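This report accompanies a protein model and its sequence. Please keep both in view while reading.

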Amino acid sequence: MIKHHPSEQLLSQYSLGELPATLSIAISAHLEFCTCCKSKVEALEATQADTEFEDTTSPFDNDDFADMLSMITEKNDVDAVAPYESEVFSYQDKELSLPRAIAAIDRSNFVQLGKLSRSRLKLDDGEMRASLLQIEPNGEIPHHTHTGFELTLLLDGEFADENGHYVPGDFIWLDARHHHQPTTTQGCLCFTVVNSALHFNKGLSKLLNPIGNLIY
Ligand SMILES: [Zn+2]
């Protein structure tokens, strides 16, 4: 069962369209796993729509709005919308379909370092970088903390750290207050968003920097 969800604040910002692209993709993807957050967002969107229509400063006065609706509905040469065909994504020995929001964005080839490999989504979102991250069975990310934030959405497989054991759909938001060492026995595929490098707490940072660069 999914135990880790986006905060109410993130869900609200998401429904208002206020989030940067990378975070918006992460929330969309979580909603494909989580009916609970999906209904929360639907409720938020319904409330916001009501507020918009009650708003007397709305750019649409009644006539304009009626004109706009008739313009939309009179157009009968509506383009057929191609049905979404989910792409089969293979990793390690497994196949799955990626959440639509993630599959829709181009990404680089996987770059591998030991049991870790990363493919970056081709998004220009400032310091925020979104990636698919695979960890092979019995792999780990060395003990670290975060100079910014690190969001992990587990897409497939499992991993565990000092704070718990995670299942697909878990949305894990960590920052400088958290130290952890994720490990997986079966292997996993995650969607990650980070906005600055990791900080390794143990071992020689010189040796760990390539891992930090891979993950950021
Ligand atoms: Zn949720």
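## Overall make-up

The model is predicted. Its secondary structure comprises 6 helices and 12 strands. Of the 216 residues in the protein, 26% are buried. Among contacts with a separation of 6 or more, 65% join residues 24 or more positions apart.

## The antiparallel sheet

An open sheet is built from 6 strands, arranged in the order β3-β4-β5-β11-β7-β10, with antiparallel pairing. At its edges stand β3 (111–113) and β10 (171–174), each of which pairs on one side only. On average, and with direction ignored, neighbouring strands of this sheet are turned by 25 degrees against each other.

Strand β11 (residues 188–194) pairs with strand β7 (residues 150–157) in the antiparallel sense over 7 bridges. Within the sheet, Gly157 is placed opposite Cys188 of β11. The pairing of β11 with β5 is likewise antiparallel, and it also runs over 7 bridges. Here Leu132 has Phe191 of β11 as its bridge partner.

Strand β11 is largely enclosed by the rest of the structure, because 7 of its 7 residues are buried. In a regular strand, side chains alternate between the two faces of the sheet. In β11 both faces are covered. One side carries the buried residues Cys188, Cys190, Thr192 and Val194, while the other carries Leu189, Phe191 and Val193, which are buried as well.

## Helix α2 on the sheet

Helix α2 (residues 21–33) packs on the sheet and touches β5 (129–135), β7, β10 and β11. The direction of α2 makes about 145 degrees with that of β11. The helix has 13 residues and spans 19 Å from its first C-alpha to its last, close to the 18 Å expected at 1.5 Å a residue. The buried residues of α2 are Thr22, Leu23, Ile25, Ala26, Ile27, Ala29, His30, Leu31 and Phe33.

## The nonpolar core

The largest nonpolar core holds 33 residues, of which Ala26, Leu153, Leu154, Leu155, Cys190 and Phe191 touch the most other members. Two or more residues come from each of α1 (8–15), α2, β5, β7, β10 and β11. Helix α2 supplies the largest share of this core, namely 7 residues.

Which residues surround Leu153, leaving aside its neighbours within four places in sequence? Leu153 is in contact with Ala26, Ala29, His30, Phe171, Cys190 and Phe191. Of these, Ala26, Ala29 and His30 are buried residues of α2, and Cys190 and Phe191 are buried residues of β11.

## The surroundings of His146

His146 belongs to strand β6 (residues 144–146). Is His146 buried or exposed? His146 counts as buried because it has 20 C-beta neighbours inside 10 Å, and 20 or more are required for that class.

Beyond its neighbours within four places in sequence, His146 is in contact with Leu174, Asp175, Ala176, His178, Leu198 and His199. The C-alpha atoms of His146 and Asn195 are separated by 9.3 Å, although these residues are 49 residues apart along the chain.

Methods. Residues are numbered from 1 along each chain as its sequence is written. This is a predicted model: local features need pLDDT of at least 70, side-chain atom pairs count only at pLDDT 80 or more; totals for chains, interfaces and linings use all residues. Helices (H or I, at least four residues) and strands (E, at least two) are DSSP runs, numbered from the N terminus. A residue is buried if 20 or more other C-beta atoms lie within 10 Å of its own, exposed if 12 or fewer, and partly exposed in between; C-beta atoms are placed from the backbone. Two residues are in contact if their C-beta atoms, placed from the backbone, lie within 7 Å. Two strands pair if DSSP finds at least two bridges between them. Axes are lines fitted to C-alpha atoms, for helices over the stretch in contact, and angles run from 0 to 180 degrees between N-to-C directions. A nonpolar core is a set of buried Ala, Val, Leu, Ile, Met, Phe, Trp, Tyr and Cys residues joined through C-beta atoms within 7 Å. The expected span of a helix is 1.5 Å times one less than its number of residues.
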